[in-house]
Amino acid sequence: MTFSIHGLAVSRGVAIGRAVMVASSRMDVAHYFIQAHEVSAEIERARAGRDAVVEELYRLQESISHMGPKEAPHELNALLDVHLMLLQDEELVSGVKSWITDRLYNAEWALTTQLEVISRHFDEMEDAYLRERKADMEQIVERVLRAMRGVASPIVTPSHRNTRRQSQQDLLLGDTVDVPLVLVAHDLSPADMLQFKQSVFAGFITDVGGKTSHTAIVARSMDIPAVVGARTCSQLVRQDDWIIIDGDAGVVIVDPSPIILAEYGFKKRQVELERSRLARLLNTPAVTMDGEKVQLLANIEMPEDAQAALQAGALGVGLFRSEFLFMGRRGHLPDEEEQFQAYKRAVEGMQGLPVTIRTVDVGADKPLDSSVHDAAHLNPALGLRAIRWSLADPEMFLTQLRAILRAATFGQVHLLVPMLAHASEIHQTLAHIETARSMLDKRGQAYGPVQLGAMIEIPAAALTLKMFLKYFDFLSIGTNDLIQYTLAIDRADESVAHLYDPLHPAVLQLVAATIAECHRQGKGVSVCGEMAGDVGLTRLLLGLGLRSFSMHPAQILAVKQEILRSDTTRLAPWAQRVLESESPALEMAASA
Ligand code: PEP
Ligand code: MG
């Protein structure tokens with residue numbers, strides 16, 4: 001039966017494929033397809049992992065048999081029996097085998113997929129005791145996955161041969177060999193998204209998350225259709241359901257009828273056509289009709305993204321979110337050398353164009369490790385994040401600063417500091433930069449000049465611009481956080497997503513004041529929040545005087561198209577009217 005689920009549109013386009021249910025905690029297993037001739041070896045690998053755990057549990061039973069009831073209560077032995085029994089569970093064993101055989105999933109993926117299927121069955125059980133065995137099943141699968149980490153996994157190139165029985169949708173799509181897969185999860189952390197970047201999925205849906213949550217931002221950077229904030233989606237969708245993701249409307253259609261499927265197939269082709277049409281603008285300079293030059297820069301998460309930035313025609317990197325190098329590493333932060341190499345790769349990758357490296361911004365919805373939940377702090381977005389975290393750990397901060405300064409010998413580097421609000425934070429930051437330089441001097445190690453920038457993300461910063469401009473060469477407006485903190489709306493919380501409004505007069509006034517003050521003082525200013533990549537806001541930002549936009553590479557050409565059609569002499573007075581209006585969105589719609 002066809003039904004639809006409404007969420008938030010976060011990344012454009014249409015994806016049509018089979019649902020793969022994944023729990024966030026299990027995203028860090030590899031997801032890839034094996035070749036048909038590797039099936040038996042892969043089943044063997046899964047079996048070896050399971051056998052290793054069986055042995056481990058027997059050994060444990062043996063050792064506790066020598067202990068007294070105080071050290072090893074009777075229940076412990078019974079629990080190990082339950083785990084041993086679950087390891088032989090027919091549903092688990094045969095399920096894993098068929099995900100490998102029929103779908104060519106790698107063993108880890110097959111295990112976590114089957115765990116999702118079994119977990120559903122446990123959830124539906126009436127008997128409370130049996131329901132609780134779900135946790136045991138999860139534990140033994142985690143154990144098997146751990147055991148398998150020791151077993152080398154074959155290196156394969158992603159390919160997908162699907163030998164399942166054909167459904168009506170399979171026949172309609174006319175291709176049972178390469179069926180795309182869409183990932184459905186309750187939640188995905190930004191670190192999960194890094195795994196996702198290297199995986200095989202054509203789109204994703206999460207129950208939670210706001211439009212500018214970092215998960216949504218990474219989805220946009222990957223340019224794949226995505227819907228977040230879909231509430232109960234992961235409970236309503238079942239493994240293998242056919243799904244359509246309409247990333248423009250924020251709608252998920254489950255089990256679509258042939259007519260709907262045909263309609264979306266058409267829409268998908270239209271989107272692809274529009275993309276190839278935009279590609280013709282690649283080498284066209286971003287200049288308005290009245291001759292104003294606009295700088296289009298890229299936001300990147302990893303050094304390797306520099307390639308996509310160049311391919312999209314970016315004139316530099318306006319925001320390298322360096323924290324993605326720090327996340328999902330189970331507490332082992334990258335050392336100076338590793339960071340230096342990463343920054344150097346990004347700088348060299350940009351071939352002489354400027355690269356703005358933002359110092360680490362972890363915390364809030366970007367925890368270092370997604371499996372570690374921060375229950376101690378009730379408002380993590382207002383807590384120890386970004387520069388506050390860096391200043392709380394000077395050794396870590398100095399390590400990063402040295403690595404950035406050293407990378408600056410290989411090209412133009414701008415150093416950007418997130419979430420500053422206080423004069424004392426500015427002074428401490430500058431002092432740390434000086435310390436990092438003198439440490440490198442002492443070592444006799446080369447470093448290059450950097451332009452220093454501050455992000456304007458907190459209203460307090462936007463209201464003390466003169467102080468900021470005394471110390472910094474340029475400002476970059478982080479509208480995602482500026483909106484969050486001006487309107488007191490958690491950007492990652494879908495329940496208040498309707499109040500997250502880039503066009504709120506207060507937000508616009510802070511943005512406009514920042515641009516104007518930088519112009520007055522002849523300092524550089526750009527917007528690197530999601531507003532910069534929103535084509536619906538391009539004209540307004542141009543009208544407010546903005547000439548430097550930083551966004552995900554995938555958005556650059558569409559924004560360029562808007563710029564080419566704009567005349568700033570007409571946009572400036574119009575933008576002032578919008579700025580002074582009580583309802584800027586209505587004013588914009590009325591005078592568009
Ligand atoms: C912002 O806040 O607008 C920004 C660009 O930083 P981030 O999204 O990484 O918090
Ligand atoms: Mg921010």
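Leu104 is buried in this predicted model, where buried means under 20% relative accessible area, exposed over 50% and partly exposed in between (1.4 Å probe, protein chains only). The relative accessible area of Leu104 is 5%. Leu104 is placed in the loop between helix H3 (90–103) and helix H4 (107–123); helices (H or I, at least four residues) and strands (E, at least two) are DSSP runs, numbered from the N terminus. Phi of Leu104 is positive, near 60 degrees, in a residue other than glycine. The model is predicted, and local features need pLDDT of at least 70, side-chain atom pairs count only at pLDDT 80 or more, and totals for chains, interfaces and linings use all residues. Residues are numbered from 1 along each chain as its sequence is written, chains are lettered from A and ligands numbered from 1 in the order in which they are written, and side-chain values use heavy atoms, with hydrogens and water left out.

A positive phi, of about 55 degrees, is also found at Ala488, which is not a glycine. Ala488 is exposed, with a relative accessible area of 68%, and belongs to the loop between H18 and helix H19 (505–520).

Helix H19 contains Glu517, which is buried at a relative accessible area of 7%. The side chain of Glu517 makes a polar contact (a pair of N or O atoms within 3.5 Å; within protein, one must be able to donate a hydrogen and the other to accept it, and residues adjacent in sequence count only if both atoms are side-chain atoms) with the side chain of Arg520, at 2.9 Å. A polar contact of 2.8 Å joins the side chain of Glu517 to that of Gln521.

Around ligand 1 there are 17 residues, of which Arg321, Arg358, Gly478, Asn480 and Arg491 come nearest; a residue is near a molecule or strand if one of its heavy atoms lies within 4 Å of it. The shell residues comprise 4 nonpolar, 5 polar and 8 charged, with Ala, Val, Leu, Ile, Met, Phe, Trp, Tyr, Cys and Pro counted as nonpolar, Asp, Glu, Lys and Arg as charged, and the others, Gly among them, as polar. H18 gives the most to this shell, with 3 residues.

An oxygen atom of ligand 1 lies 3.3 Å from a polar backbone atom of Gly478. For Asn480, a backbone N or O atom is 2.8 Å from an oxygen atom of the ligand. An N or O atom in the side chain of Arg491 is 2.7 Å from an oxygen atom of ligand 1.
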